[in-house]
Amino acid sequence: MQVFEHITDTTDFIQSQKNNGKQIGFVPTMGALHDGHISLVNRAREENDMVVASIFVNPIQFNNKEDLEKYPRKPQRDMDLLKVAGCNVVFHPSAKEMYPDEVTRKYDFGSLEKVMEGKFRPGHFNGVAVVVKKLFDIISPDNAYFGEKDFQQLAVIKALVKKENIPVNIISCPTIRESDGLAMSSRNERLNKEQRKLAPVLYKTLKEIRERIHKKPIPEIISWATGEINQYPEMKVEYIEIVDSETLLPLQTFNNNVPSRICIAAILGPVRLIDNISLNMN
Ligand code: AMP
């Protein structure tokens with residue numbers, strides 16, 4: 001496995017591989033890897049000749065300074081996991097390498113960036129779009145793999161690729177969960193034992209919402225679900241929304257023919273957890 005810290009070395013190496021006809025699958029990450037990330041690497045390995053992963057804690061997508069400072073960083077362990085998973089190239093740049101100058105680019109994703117995460121994390125999706133565009137320029141992947149765990153991010157990236165005419169296929173991959181249902185996340189490491197025990201209530205509530213969707217009006221279900229989570233003093237719901245899976249706009253009524261998603265964000269102790277599931281039963 002090759003590890004690069006500099007953009008030009010990475011681009012030169014990958015271009016030489018592309019010139020030899022290799023198809024590149026790319027998995028961008030912020031490190032502190034878990035099985036969710038590794039599932040993306042596995043899928044990329046199955047579908048491409050070469051897998052490139054990046055590890056970069058992108059400062060411009062954090063709207064909370066403490067979240068950035070405390071974000072777990074374990075580059076050596078990450079490299080070991082990526083090697084075992086069959087990754088071929090890791091791009092692991094510094095912030096200075098990625099952003100030698102002040103970032104001024106402003107994207108407009110319309111309502112996609114204004115709802116849910118966009119409301120609570122101003123500037124977050126612009127930071128995501130800037131880094132993903134830059135990574136795509138450096139790596140020129142044929143296929144890029146993203147998790148449904150970050151459902152809104154996936155929608156923003158699909159919009160970015162369309163807007164900028166970037167020749168890459170965006171492949172969405174299912175959320176990988178712990179055995180108790182908690183969606184895997186690097187931030188879960190910051191939960192203490194008690195908080196960790198409480199955390200699966202998010203997924204449990206998402207599933208219960210799906211059970212009730214035919215029985216009650218949406219506002220009533222959301223208010224019930226908010227109460228379920230807020231009953232724990234350490235937890236606080238930021239939003240629970242039932243949205244159209246394409247536009248991410250809130251739905252007033254559920255129709256099984258319209259792809260729909262339940263999305264949730266809640267504070268638990270020192271971290272903010274997000275999760276989502278599809279509402280459509282097949
Ligand atoms: P992050 O390192 O959190 O920026 O995530 C890097 C990529 O891994 C993103 O595409 C995430 O959506 C994806 N990812 C994170 N957690 C999971 C998970 N539990 N299951 C599947 N993909 C995930």
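Tutor: A charge sits over a ring if NZ of Lys or CZ of Arg is within 6 Å of the ring centre and within 35 degrees of the ring normal. Arg212 lies over the face of Trp224, at 3.5 Å from the ring centre. The model is predicted: local features need pLDDT of at least 70, side-chain atom pairs count only at pLDDT 80 or more, and totals for chains, interfaces and linings use all residues. Residues are numbered from 1 along each chain as its sequence is written, and side-chain values use heavy atoms, with hydrogens and water left out.

The next element to consider is helix α10, residues 201-212 (helices are DSSP runs of H or I, at least four residues; strands are runs of E, at least two; both are numbered from the N terminus). Helix α10 lies across strands β7, β8 and β9. These strands make up an open sheet of three, in the order β7-β8-β9, and the pairing in this sheet is antiparallel (two strands pair if DSSP finds at least two bridges between them).

Strand by strand, the pairing looks as follows. Nine bridges hold β7 and β8 in the antiparallel sense, with Ile242 opposite Ile262 in β8. Strand β8, residues 260-268, pairs with β9 in the antiparallel sense over eight bridges. Here Cys263 stands opposite Asn276 in β9.

Asp67 has its place in helix α3, residues 65-70. With a relative accessible area of 14%, Asp67 counts as buried. Apart from its neighbours within four places in sequence, Asp67 is in contact with Phe62, Arg121, Arg187 and Arg190 (contact means heavy atoms within 4.5 Å).

Phe62 leads on to the aromatic rings. Seven aromatic pairs are found in a search of the whole structure (rings of Phe, Tyr and Trp, its six-membered ring, pair if their centres lie within 6.5 Å; planes under 30 degrees apart are stacked, over 60 edge-to-face, the rest tilted). The rings of Phe62 and Tyr71 have centres 5.6 Å apart and planes at 80°, so this pair is edge-to-face. Phe62 and Tyr71 are both buried. The rings of Tyr107 and Phe109 also have centres 5.6 Å apart, but their planes are at 15°, so this pair is stacked. Tyr107 is buried at 9% relative accessibility, and Phe109 is buried at 8%. Tyr107 has a charge over its face too: Arg105 lies there, at 4.0 Å from the ring centre. Elsewhere, ring pairs link Phe26, Phe136 and Phe146 into a cluster.

That cluster calls for a look at the other sheet. Six strands form an open sheet in the order β1-β4-β3-β2-β5-β6, and their pairing is parallel. Its edge strands are β1, residues 2-4, and β6, residues 169-173, each pairing on one side only. Within this sheet, three bridges join β3, residues 50-55, to β4, residues 89-91, and the two run parallel. The bridge partner of Ser54 in β4 is Phe91. Helix α7, residues 124-139, lies across β2, β3, β4, β5 and β6. Helix α8, residues 151-163, packs on the sheet as well and touches β5 and β6.

Last comes the chain as a whole. The protein chain has eleven helices and nine strands. Its C-alpha trace spans about 60 × 40 × 40 Å along the principal axes. Of its 282 residues, 53% are buried. Among contacts in the protein chain with a separation of 6 or more, 73% are between residues 24 or more positions apart.

Methods:
Axes are lines fitted to C-alpha atoms, for helices over the stretch in contact, and angles run from 0 to 180 degrees between N-to-C directions. Buried means under 20% relative accessible area, exposed over 50%, partly exposed in between (1.4 Å probe, protein chains only).
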